Amino acid sequence: MELNPCDGDFELICVIINFGSGSRVLKQAKKNGIKGGTIFLGKGTIKNHLLEILDLNDIRKEIVIMTGCSHIVKEVLVKLDKEFQFKKPYHGIAFSMSVAGFLGAGNYIYNDKHKKKGDENIMYHSITVIVDKGKGELVMEAAEKAGTKGGTIINARGSGIHETSKLFSMEIEPEKEIVLILSEVHLTEKIVKSISKELEIERPGNGIIFIQDVNKTYGIYK
């Protein structure tokens, strides 16, 4: 199959939905032009029954990550919202973020003509924190002190230069936890500073934090 560059910018779709529905999300997205995706298992962190931002009062969640051309992503989000009714309580959330390009998925090739969308009114940030396994809850506690309403913790595995230890003289790669938080823009700095202080992120091997602009959101409640 001939490889064709994306006609425009790339965007990443993230859908956080109840356990067991991830495959349906991916199937529906493929019907509408997405070439593929990845499903992660995660857990929500909201501890009360009230309708909160991220709609994550259920413990088990699936996180679906997909990438595609910007015009396709916009259409897919509309179709997913229609199919899964994210505006209803407990039906999950979906959002998109810009990416510069990607390789190794379907018939896309990298396009380095990405243009920054500086004129868009960004209302939310995606805060991603990667820490050692067992520290995800500490991240969320620090974030909640700064005003966030909830997030998702995903299990992962690291292989950085500071993350290798030895067990019985054998090198091992400790498990990691990825904490995903959606933050209103005006709260982002406060949340990040709280997490950094609590987890001492600036010390080598204690974790990393990165922040991305969110373009479109579905299913977020205040």
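**Entry 1. Isoleucine 154**

I started at isoleucine 154, which lies in strand β8, residues 152-157. The model I am reading is a predicted one. I checked burial next. Isoleucine 154 has a relative accessible area of 7%, so I noted it as buried, the cut-off being under 20%.

Isoleucine 154 and glutamate 62 are 92 residues apart along the chain, and their C-alpha atoms are separated by 9.2 Å.

**Entry 2. Leucine 41**

I found leucine 41 in strand β3, residues 37-44. Is leucine 41 buried or exposed? Its relative accessibility is 53%, and exposed means over 50%, so leucine 41 counts as exposed.

I listed the contacts of leucine 41, leaving aside neighbours within four places in sequence. They are Phe19, Lys61, Glu62, Ile63, Ile153, Ile154 and Asn155. I also took the C-alpha separation from leucine 41 to isoleucine 16. It is 9.7 Å, for two residues 25 apart along the chain.

**Entry 3. Whole chain**

I stepped back to the chain. I noted 4 helices and 13 strands in the protein chain. The chain has 222 residues, and buried residues make up 44% of them. I looked at contacts between residues at least 6 apart in sequence. Of these, 78% join residues at least 24 apart.

**Entry 4. Salt bridges**

Side chains of opposite charge can pair when their charged atoms come close. I searched the whole structure and found 4 salt bridges.

I compared the two partners. Lysine 74 is partly exposed, with a relative accessible area of 35%. Glutamate 11 is buried, with a relative accessible area of 2%.

Next I took lysine 193 and glutamate 189. Their side chains meet in a salt bridge at 3.0 Å, N to O. Both residues are in helix α4, and because they are 4 residues apart they are separated by about one helical turn. Both lysine 193 and glutamate 189 are exposed.

Then I checked arginine 203. It forms a salt bridge with glutamate 200, and the closest N and O atoms are 3.3 Å apart. Glutamate 200 counts as partly exposed, at 41% relative accessibility.

**Entry 5. Helices α3 and α4**

I turned to helix packing. Two packed helices are described by the angle between their axes and the distance between the axes. How do α3 and α4 cross, and at what angle? Helix α3 covers residues 136-145 and helix α4 residues 185-199; their axes come within 8 Å and cross at roughly 135°. That makes α3 oblique to α4. The crossing of α3 past α4 is right-handed.

I read off the contact residues. From α3 they are Leu138, Val139, Ala142, Ala143 and Lys145. From α4 they are Ile191, Ser194, Ile195, Glu198 and Leu199. By class I noted 7 nonpolar, 1 polar and 2 charged residues in the contact of α3 with α4.

**Entry 6. Helices α1 and α2**

I repeated the look-up for helix α1, residues 22-31, against α2. The two pack at an angle of about 135°, and their axes are 10 Å apart. I therefore logged α1 and α2 as oblique to each other. α1 passes α2 in a right-handed crossing.

In this contact α1 supplies Arg24, Val25, Gln28 and Ala29. α2 supplies Val76, Leu80, Glu83 and Phe84. The classes come to 5 nonpolar, 1 polar and 2 charged residues.

**Entry 7. Positive phi**

Last, I looked at backbone angles. Glutamine 85 is not a glycine, yet its phi is positive, about 55°. I placed glutamine 85 in the loop between α2 and β5 (93-99). Tyrosine 90 is found in the loop between α2 and β5. Its phi is near 70°, again a positive value in a residue other than glycine. Tyrosine 90 counts as partly exposed, at 39% relative accessibility.

How values were computed
Residues numbered from 1 in each chain as written. Predicted model: local features only at pLDDT ≥ 70, side-chain atom pairs only at ≥ 80, totals over all residues. Heavy atoms only, no water. Axes fitted to C-alpha atoms, helices over the stretch in contact; angles between N-to-C directions. Parallel < 35°, antiparallel > 145°, perpendicular 65-115°, else oblique. Left-handed = near helix turned anticlockwise from the far one by under 90°. Contact = heavy atoms within 4.5 Å. Nonpolar A, V, L, I, M, F, W, Y, C, P; charged D, E, K, R; others polar. Buried < 20%, exposed > 50% of the residue type's maximum accessible area, 1.4 Å probe, protein only.
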